[in-house]
Amino acid sequence: MRLHKVYHRLSLLSLSPFSLSSNLNLNLNARFPSSSFSLPTPGHLRTHSGNPSKPAMTTSRFHHLVPVNSALSEDATAGNGSANASATLIEEDDEDVVIGVKYRLPPPEIRDIVDAPTLPALSFSPLRNKILFLKRRSLPPLAELARPEEKLAGIRIDGKCNTRSRMSFYTGIGIHQLMPDGSLGPEKEVSGFPDGAKINFVTWSNDGQHLAFSVRVEEEEGSSSKLRVWVANVETGIARPLFQSPDIYLNAVFDNYVWVDNSTLLVCTIPLSRVDPPKKPLVPSGPKIQSNENKTIIQVRTFQDLLKDEYDEDLFDYYATSQLVLASLDGTIKEIGKPAVYTSMDPSPDEKYILKSSIHRPYSFIVPCGRFPKKVDVWTSDGKFVRELCDLPLAEDIPIAFNSVRKGMRSINWRADKPSTIYWAETQDGGDAKVEVSPRDIIYTQPAEPQEGEQPEILHNLDLRYGGISWCDDSLALVYESWYKTRRTRTWVVSPGSKDVSPHILFDRSSEDVYSDPGSSMLRRTSAGTYVIAKLRKENDEGTYLLLNGNGATPEGNIPFLDLFDINTGSKERIWESDKEKYYESVVALMSDQKEGDIHINDLKILTSKESKTENTQYYIQSWPDRKLSQITNFPHPYPQLASLQKEMIRYQRKDGVQLTATLYLPPGYDPSKEGPLPCLVWSYPGEFKSKDAAGQVRGSPNEFAGIGPTSALLWLARRFAILSGPTIPIIGEGDEEANDRYVEQLVSSAEAAVEEVIQRGVAHPGTIAVGGHSYGAFMTANLLAHAPHLFCCGIARSGAYNRTLTPFGFQNEDRTLWEATNTYVEMSPYMSANKIKKPILLIHGEEDNNPGTLTMQSDRFFNALKGHGALCRLVILPFESHGYAARESIMHVLWETDRWLRKHCVSNTSEVSADLDTSKDKASTEVTEPENKAVAASGGGGAELADDLESERFHSKPRSLM
């Protein structure tokens with residue numbers, strides 16, 4: 001439930017692997033499954049979260065990165081569009097409907113945007129000479145979400161498919177040749193798999209000659225919907241099953257498969273010896289007992305879907321246990337090891353070893369499977385056990401303080417620049433971030449098969465928390481560390497092969513200070529399929545240059561750049577920069593990495609994107625030295641009816657001097673002199689900061705394309721609303737001050753500034769401004785209606801948490817417990833102020849919400865508290881939906897509910913406002929001697945109410961890229 005910015009796009013780009021930046025906290029694996037990215041598609045206006053103990057990663061300036069070979073989960077439904085509904089959908093325009101029993105459709109102008117055709121995802125081959133067009137479906141029908149699922153150990157499993165439940169999928173694969181001039185050749189459809197096949201986990205072989213993917217079909221009488229592994233010849237486009245036996249199925253509960261070499265895959269399969277799932281006993285063998293008789297201090301957040309009893313443990317083992325199988329393209333298969341709950345498989349760069357992770361009993365009833373006992377082994381690629389790296393015990397006692405970690409070896413990976421060298425980090429503070437110790441983390445390296453008595457070597461000591469490594473060679477690696485409480489992030493330069501060369505700091509900055517972000521080092525692909533730092537060279541120049549790909553945050557918005565950076569002198573040369581006037585451009589990936597070694601500047605080739613406020617994102621290849629541009633896509637506008645919408649990034653100030661920003665959207669053709677103020681919807685999400693300066697920095701660009709997702713607030717542009725999107729709501733705690741101790745005061749102050757700005761601009765009127773948000777934004781919405789009723793006419797709160805005493809061991813970015821910060825927990829909880837909420841509030845929640853903290857019970861209880869005080873409120877529970885909404889029936893109904901609420905409680909005020917304005921004009925002509933009355937009347941009567949509220953208000957005293 002954590003986010004620093006509200007976005008309208010679900011997924012603009014999918015890259016594998018991720019890029020590393022100077023403020024990145026990420027463990028970079030040595031090998032990645034494919035080189036792929038997906039093109040922009042409309043997505044949900046929803047919150048996105050990262051590990052709260054880690055700063056947000058820098059990712060090519062694209063908002064959400066989802067590996068294209070992965071399956072999108074319930075919160076990441078791919079694409080929009082029409083779908084055959086599994087439930088009855090009706091159009092009804094009855095404003096008096098209070099309780100309905102059928103799914104309803106929003107107005108056509110909204111529905112048409114949501115049902116716009118989806119764009120494909122794209123994936124480049126390892127040699128950059130071919131592109132896959134991965135076709136995507138529309139929104140899924142509710143019937144798919146209604147499939148039975150098992151909620152076990154913090155994950156949800158589709159027992160029929162033996163994979164995670166609610167997976168999206170691709171419907172087809174098209175292959176295009178990338179011609180030398182940058183154009184695309186004709187499409188070649190991958191064929192051979194069954195009609196109606198659902199495709200997942202698309203990966204390239206290292207030589208780009210084959211594709212591997214999973215296939216499942218709709219369950220029919222006598223057939224199975226389990227996943228099978230297929231392979232396709234890229235040249236012919238013909239696909240076939242990997243296994244000749246029809247009885248070998250994929251187990252994709254955790255990992256699925258990986259290319260060991262160009263002709264062999266290591267596959268997680270369902271054990272052939274597995275029989276029917278265990279049956280739950282009608283009568284339990286005894287009571288459910290948990291004990292803490294040894295008085296261990298264990299504090300955990302409100303995890304959901306945990307194991308509950310021995311039966312759940314058995315069921316988890318049943319579905320999660322895999323048999324590893326080596327499968328060659330020639331049909332040869334070989335079982336590797338014994339069945340176990342394998343969670344990851346990672347071949348070494350030289351293809352001689354495999355790093356395997358598994359979890360095992362004893363399990364836990366209070367933490368999810370990520371904290372279960374974990375074993376990491378090294379095996380040869382032909383299936384011989386080499387050694388055990390570690391066997392970590394159950395980790396129930398990881399402290400809740402940010403930057404606390406598991407004890408023992410962690411982040412175990414292969415060095416990307418070596419054939420078979422392992423590296424990892426080990427904490428020196430017992431995993432407790434509150435313990436002061438130096439060093440805090442130590443990074444070790446060791447060969448896969450060390451000589452007898454050979455001990456691990458220390459690569460580097462860190463005083464902050466380890467955050468990942470970008471490898472280059474024995475002369476260069478970049479090591480990242482960070483500390484959330486101070487927002488400090490540091491990048492070290494180390495020479496792995498030269499012990500006599502001392503590490504030194506390259507960047508030392510605040511992760512919040514986006515203006516000082518130097519960018520992230522671009523990585524190039526090696527012949528082994530790993531990614532290392534790209535080194536560039538110039539003619540007659542012996543300098544060592546890196547490519548720094550940056551967001552380019554400025555007070556005028558982001559202006560992405562590409563710098564040639566001398567690692568030895570620190571000097572920079574800007575070799576590429578985005579257009580500043582009309583377009584927003586980004587460097588997506590490096591395309592000139594087919595050859596080993598340093599890249600000559602004249603051979604540089606990059607993939608870029610280009611978009612504007614009204615033009616969809618297109619992709620280009622740019623080549624040096626002539627900087628020739630070749631456009632490779634030409635996607636149409638997804639919703640031409642809004643092609644001429646008006647977008648402006650606005651700046652204004654909070655009363656304490658903090659600079660704030662927001663994006664103001666106005667409907668196509670809007671003329672304030674003719675239409676006057678519009679009904680306005682404010683949609684936002686608070687963020688925590690350590691400094692006022694950082695909170696006031698501008699993030700985003702005014703020239704970015706307005707992507708509109710299935711539940712986006714921007715849909716109401718089609719209903720002639722003004723939309724204030726993502727107004728910054730910074731909750732600042734400088735120095736030792738805790739930000740949330742002044743949460744309500746800063747929340748209200750930020751909202752007041754935003755509302756005052758749109759009123760002063762003449763695009764909104766005080767009586768017709770609504771507020772809404774999802775998750776922590778819903779929490780914000782409820783608090784604003786409780787503590788700033790003078791600002792908004794109504795609210796829409798989706799999937800929120802409203803009673804912080806139900807999340808007693810921390811929430812969002814709060815890592816104090818309820819008993820350490822009782823007043824803060826109580827004063828932040830809108831549930832405790834339910835008696836103050838007098839404005840209409842619409843609550844929407846998924847019945848199967850699995851997000852920590854936002855249990856469906858939160859909305860149930862909040863609604864009852866509101867109803868108990870006579871508040872005008874409505875609660876909509878969406879069957880089968882989780883934290884984000886996926887099914888077409890659900891999404892359409894959410895839009896209908898939202899539109900109905902806005903028409904009843906926001907738009908309906910417009911006539912009253914107009915009447916007040918007419919009255920004010922009459923008074924202005926007859927009562928020129930009474931300027932106070934004229935001013936009040938001109939604000940529709942809202943001015944006096946606003947002044948009274950402000951005067952009597954009582955605040956509680958108490959924030960790149962590669963491919």
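These questions and answers cover cysteines, strand pairing and a helix contact in a predicted model.

Residues are numbered from 1 along each chain as its sequence is written. In this predicted model, local features need pLDDT of at least 70 and side-chain atom pairs count only at pLDDT 80 or more, while totals for chains, interfaces and linings use all residues, and side-chain values use heavy atoms, without hydrogens and water.

Colleague: How many disulfides does the structure hold?
Modeller: A disulfide here is a pair of cysteine sulfur atoms within 2.5 Å. The count for the structure is zero.

Colleague: Is C268 buried or exposed?
Modeller: Buried means under 20% relative accessible area, exposed over 50%, partly exposed in between (1.4 Å probe, protein chains only). C268 has a relative accessible area of 0%, so C268 is buried.

Colleague: Which residue in strand 48 is the bridge partner of Y665?
Modeller: Strands are DSSP runs of E, at least two residues, numbered from the N terminus; helices are runs of H or I, at least four. Two strands pair if DSSP finds at least two bridges between them. Strand 45 (residues 659-666) runs antiparallel to strand 48, with three bridges. The partner of Y665 is I723.

Colleague: How are helix 6 and helix 7 oriented?
Modeller: Axes are lines fitted to C-alpha atoms, for helices over the stretch in contact (heavy atoms within 4.5 Å), and angles run from 0 to 180 degrees between N-to-C directions. The axes of helix 6 (residues 743-760) and helix 7 (residues 776-787) come within 10 Å and cross at roughly 85 degrees. Angles of 65 to 115 degrees count as roughly perpendicular. Helix 6 is therefore, relative to helix 7, roughly perpendicular.

Methods. Parallel < 35°, antiparallel > 145°, perpendicular 65-115°, else oblique.
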